[in-house]
Amino acid sequence: MRNVYITLLLLLTACTKVDSGVMEFTIKEGNHYCTHDIYRPCGSHIGFEFYVDDTWYYEAQQPGINKVIGIADGCDHMKHSVRLGWMCTEGILHSYIYCHNGGDHVAKKLADLSTGWHAGNIDIFDGYYMVTVDGVSDTVNRKCNHRERHLLWPYFGGKDTAPHDININIKLI
């Protein structure tokens, strides 16, 4: 049964790496995840560019921060992780630093986003996380001291699922 579920999940979602180094993710309508079988260990810093297109705009049924990319700080990303998030409110895209921090959820608004390419960084330091988007940074206190980390890929929600196909293009730099 598990194999059927995984096969179905892979058919409903997509991720393709193209020649330019840009990873193209699609979160299909009605889903939270794109493929999440790409395990990639990482350190305490990632630099990236991401492309915002018209699919990022939607009318939310319930407020919830979607995730572009992040770092799991230890094995359980629901306990300790830091991500770049986004939410569409009244037709405006807002970016956020979003963390699971020892069981607490913390979100702080960073910068508004427009259609096009944006630059970002996620850093883990002793005692705090930092996310930067287009030169705007903020931090959240860090409640753990893990050394094992891996990348986290796009996710739609909170509680809502994607209202239509969402395209997320990411280039690690």
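How many helices and strands are there in the protein chain? There are one helix and twelve strands, where helices (H or I, at least four residues) and strands (E, at least two) are DSSP runs numbered from the N terminus. This is a predicted model, in which local features need pLDDT of at least 70 and side-chain atom pairs count only at pLDDT 80 or more, while totals for chains, interfaces and linings use all residues. Residues are numbered from 1 along each chain as its sequence is written, and side-chain values use heavy atoms, with hydrogens and water left out.

From the N terminus on, the elements run α-β-β-β-β-β-β-β-β-β-β-β-β. The chain has 173 residues, of which 47% count as buried; buried means under 20% relative accessible area, exposed over 50%, and partly exposed in between, with a 1.4 Å probe and protein chains only. Among contacts (heavy atoms within 4.5 Å) between residues at least 6 apart in sequence, 62% join residues at least 24 apart.

Five strands form an open sheet in the order 7-6-5-4-11, and the pairing is antiparallel. Its edge strands are strand 7 (104-113) and strand 11, each of which pairs on one side only. From one strand to the next, the twist averages 15 degrees; the axes are lines fitted to C-alpha atoms, for helices over the stretch in contact, and angles run from 0 to 180 degrees between N-to-C directions. As a reminder, strands of a sheet pair through backbone hydrogen bonds, either parallel or antiparallel. Here, two strands pair if DSSP finds at least two bridges between them.

Why is strand 4 described as largely enclosed by the rest of the structure? The reason is that eight of the eight residues of this strand, residues 66-73, are buried. Six bridges join strand 4 to strand 5 (residues 80-89), in the antiparallel sense, and Lys 67 stands opposite Gly 85 of strand 5. Strand 4 is also joined to strand 11 (residues 149-152), by four bridges and again antiparallel; there, Ala 72 stands opposite His 150.

Strand 5 in turn pairs with strand 6 (residues 92-101) over ten bridges, antiparallel, with Arg 83 opposite Tyr 98. Strand 6 also holds His 100, which counts as buried at 6% relative accessibility. His 100 and Arg 83 are 17 residues apart along the chain, and their C-alpha atoms are separated by 8.9 Å. The side chain of His 100 makes a polar contact of 3.0 Å with that of His 105. A polar contact is a pair of N or O atoms within 3.5 Å; within protein, one must be able to donate a hydrogen and the other to accept it, and residues adjacent in sequence count only if both atoms are side-chain atoms.

Is Thr 55 buried or exposed? Thr 55 is buried, with a relative accessible area of 17%. Its side chain and that of Asp 53 are joined by a polar contact of 2.5 Å. Not counting residues up to four places away in sequence, Thr 55 touches His 164, Asp 165, Ile 166 and Asn 167.
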